[in-house]
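I am opening a notebook on this model. The entries follow the order in which I looked things up.

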Amino acid sequence: MGKTLIRGAKVLGGEAQDVLIDGETIAEVGQNLQAEGAEVIEADGRILLPGLVDLHTHLREPGREDSETVLTGTKAAAVGGYTSVHAMANTFPVADTAGVVEQVWRLGKESGYCDVQPVGAVTVGLEGKKLAELGAMHDSAANVRVFSDDGKCVDDAVIMRRALEYVKAFDGVVAQHAQEPRLTEGAQMNEGIVSAELGLGGWPAVAEESIIARDVLLADHVGSRVHICHLSTAGSVEIIRWAKSRGIDVTAEVTPHHLLLTDELVRTYNPVYKVNPPLRTERDVMALREALADGTIDVVATDHAPHPHEDKDCEWGAAAMGMVGLETALSVIQHTMVDTGLLDWAQVADRMSFRPAVIGRLEGHGRPVSVGEPANLTLVDSAYRGAVDPAGFASRSRNTPYEGRELPGRVTHTFLRGRATVVDGKLA
Amino acid sequence: MKRHLISAADLSRDDAVLILDTAEEMARVADRPIKKLPTLRGRTVVNLFFEDSTRTRISFEAAAKRLSADVINFSAKGSSVSKGESLKDTALTLEAMGADAVVIRHHDSGAPHRLATSGWIGGSVINAGDGTHEHPTQALLDAFTMRRRLAGGEGDLNGCRITIVGDILHSRVARSNVHLLTTLGAEVTLVAPPTLVPVGVGNWPCEVSYDLDAVLAKSDAVMMLRVQRERMNAAFFPTEREYARRYGLDGDRMARMPEHAVVMHPGPMNRGMEITAEVADSPRCTAVEQVTNGVSIRMAVMYLLLGGNEPALTTSSTEENK
């Protein structure tokens, strides 16, 4: 592999510098670097970030290759500036054995666009009854460290307690999809003013918050760490803030869509806005932004959830829940957090690369842009403005809530261990 | 008038009064020996019913037939829908057959809205009840009945005090009525156990009370909603008997209503649950009248949506002798 010289990039949004990639690593960082025979990229003041890390991606393979495959999903990830994604376990069959996680891991290796770190199911078949072989998944080639029944909540308090305790043996973490099942039977959207008018089954904030409250107390009691998926309510933020102030080892993520969209959009009955957890209110959105800014929420995670067209081209009640997000995440974060002055680019790197890698105990990702580090890098043109066009997505699915919406920023280059996966905004 | 009737909230006061006035004209047709107008001759109205509802379907069917439309009944049971056909494909089929209007009853809130806005069909969409969202023609026929009983059969319902009692949470009738009645100037009070009032009701343009007895004396009309017995199993209330005691309308309670006040029920009634036989069969109960008025209202809605620019009683005989 040759050399690449990125000239005049604002590293983490700071001063413009040159960065020389040699092979798989960053060889030099400085001013006026020269390199014989290196391919030169004129960054022209664009922002250079560490390759993004997603803790929450649905790649759908095995089982739902009609919506996404590991290959198409990792292409979408690369286009979005990601160099590592965590593949959620709710596939068919469920990733609840060493065999399935190794299959996903191997498919990721073969794709070459983005590293794939499989997430293992907490319970067999995501059924919440019996622990899956967590140790076997950890000890497998996939080396699983994040376990989640995402899509379903580990609602049994004893099973959750045991899982939290058990994964301590190999420094794993349970990522909880916080949704009290009884309170959300038949739930279709956030319970509040809009659901009352639309006559759609309400999804109360307390269904999320009560589980988070229980789980931070459980984590405290057994001395484990716990990660909370896709926080969506102001109340959840308050609980996490309280837990952290008590020294409880909890981390939390928020999705880009929960930082931008509200339940008012459901008035269109367009299922592209149907998602789990549901879009909440303006007040929740503002609380989530503030919490991401002050570090109460640790990371941005996409919850990229591809669905085939027919599962959204129908009535609301019949539609699948979820949105694709990999290819728009950074733009939404720039729009909601950077352009609003809530985060600077160094903090974006923290929330979208450094911290997710720490939570997932990933090696080789979420590293500083400095000499000797793996060259996992993302170059962002933050001056770009353009409307989202799903027809151009690398993902196999098009279920984006942002179609036609103008968003800022565009990933022009992504490097995975020194190799360009995206060049000038296109897959290499 | 708009092209579709999806929500009572879409109707202005003038729209609503126009529908009620038109329905009065239609009602006069029913008094003729031949109860038929040629207005929608050659037009096709499809009754697309994903939920069983014989009453509503035959009301729409009678209305369309009195306007001389061709009526196609499409019920989900035993059709392609029960074989897994999507709403979209069903709609495309109806469009291909040339439906001028689709009357849709669906178990999912928002399905008529999707049908009207997705581009699947070009005709008018009339919501005949969607999930727990709305049932605008029911609200119109209720308003029509009240206007006749309380406001001399003309204008709006300004100042009328209407109490709606029962399962507000799951009621499309209540939602449509709150929109329409307040648009027409009425003051609406909802009465229900707190479990059957939606979170978020605070934004509705009405009062909420948990005490039926407290509001009866100041009600010009009391509308009793059907309460499904199954709600009991989901712990919305402890027992049928307790529900009937606290929120049912019996003779004693009816006696506390003002003398001119009427009792309404959209049907079908659970006698002994939300309403006793004594009340249901009393002359103050308008349940049967509501059914009659339903046909007039649905005629008015179809007439205004499909053929509203021609006068209601025009006859054109050119087609007839072909």
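Where does Pro62(A) lie? I find Pro62(A) in the loop between strand 6 (52–57) and helix 1 (70–79) of chain A. Helices (H or I, at least four residues) and strands (E, at least two) are DSSP runs, numbered from the N terminus.

**Ground rules.** This is a predicted model: local features need pLDDT of at least 70, side-chain atom pairs count only at pLDDT 80 or more, and totals for chains, interfaces and linings use all residues. Residues are numbered from 1 along each chain as its sequence is written, while chains are lettered from A and ligands numbered from 1 in the order in which they are written.

**Cis peptides.** I checked omega at Pro62(A). The bond from Glu61(A) to Pro62(A) is cis, with omega near 5 degrees. I noted another cis bond between Asn276(A) and Pro277(A), where omega is about -5 degrees. Pro277(A) sits in the loop between strand 14 (250–254) and helix 8 (282–294) of chain A.

**Positive phi.** I looked up Leu12(A). Its phi is near 55 degrees, positive in a residue other than glycine. Leu12(A) is in the loop between strand 1 (3–11) and strand 2 (16–22) of chain A. Is Leu12(A) buried or exposed? Leu12(A) is buried, because 20 other C-beta atoms lie within 10 Å. The cut-offs are 20 or more other C-beta atoms within 10 Å for buried, 12 or fewer for exposed, and partly exposed in between, with C-beta atoms placed from the backbone.

I then turned to Arg417(A). Its phi is positive too, about 45 degrees, although Arg417(A) is not a glycine. Arg417(A) lies in the loop between strand 17 and strand 18 of chain A. With 19 other C-beta atoms within 10 Å, Arg417(A) counts as partly exposed.

**Chain A overall.** I count 10 helices and 19 strands in chain A. Of its 428 residues, 61% are buried. The C-alpha box is roughly 65 × 45 × 45 Å along the principal axes. A compact globule of 428 residues would have a radius of gyration near 22 Å, and the 20 Å of chain A agrees. That radius is taken over C-alpha atoms, and the globule rule is 2.2 Å times the number of residues to the power 0.38.

**Domains of chain A.** The assignment gives domain 1 (3–47 + 373–384 + 400–427) and domain 2 (51–359). The bounds come from an automatic or database domain assignment. The C-alpha centres of the two domains of chain A lie 28 Å apart. Their contact takes 20 residues from domain 1 and 27 residues from domain 2. Contact here means C-beta atoms, placed from the backbone, within 7 Å. Which strand of chain A gives the most to the domain 1 side? Strand 17 does, with 6 residues. By class, that side has 12 nonpolar, 8 polar and no charged residues. Ala, Val, Leu, Ile, Met, Phe, Trp, Tyr, Cys and Pro count as nonpolar, Asp, Glu, Lys and Arg as charged, and the others, Gly among them, as polar.

**A sheet.** I traced an open sheet of 5 strands in chain A, with order 9-10-13-14-15 and parallel pairing. Strands pair if DSSP finds at least two bridges between them. Strand 9 (146–147) and strand 15 (299–300) of chain A are at the edges with a single partner strand each, so one side of each has no neighbour in the sheet. Strand 10 and strand 13 (residues 226–228) of chain A pair over 3 bridges. Val174(A) has Val226(A) as its bridge partner in strand 13 of chain A.

**Gln188(A).** I placed Gln188(A) in the loop between strand 10 (173–176) and strand 11 (189–190) of chain A. Gln188(A) is buried, with 25 other C-beta atoms within 10 Å. Leaving out residues up to four places away in sequence, Gln188(A) touches Leu200(A), Gly201(A), Trp316(A) and Gly317(A). The C-alpha atoms of Gln188(A) and Gly201(A) are 5.0 Å apart, at 13 residues' separation along the chain.

**Chain B.** I count 11 helices and 9 strands in chain B. Its radius of gyration is 20 Å, close to the 20 Å of the globule rule for 322 residues, so chain B is as compact as a globular protein of that length. In chain B, 49% of the 322 residues count as buried.

Terms used
Contact = placed C-beta atoms within 7 Å.
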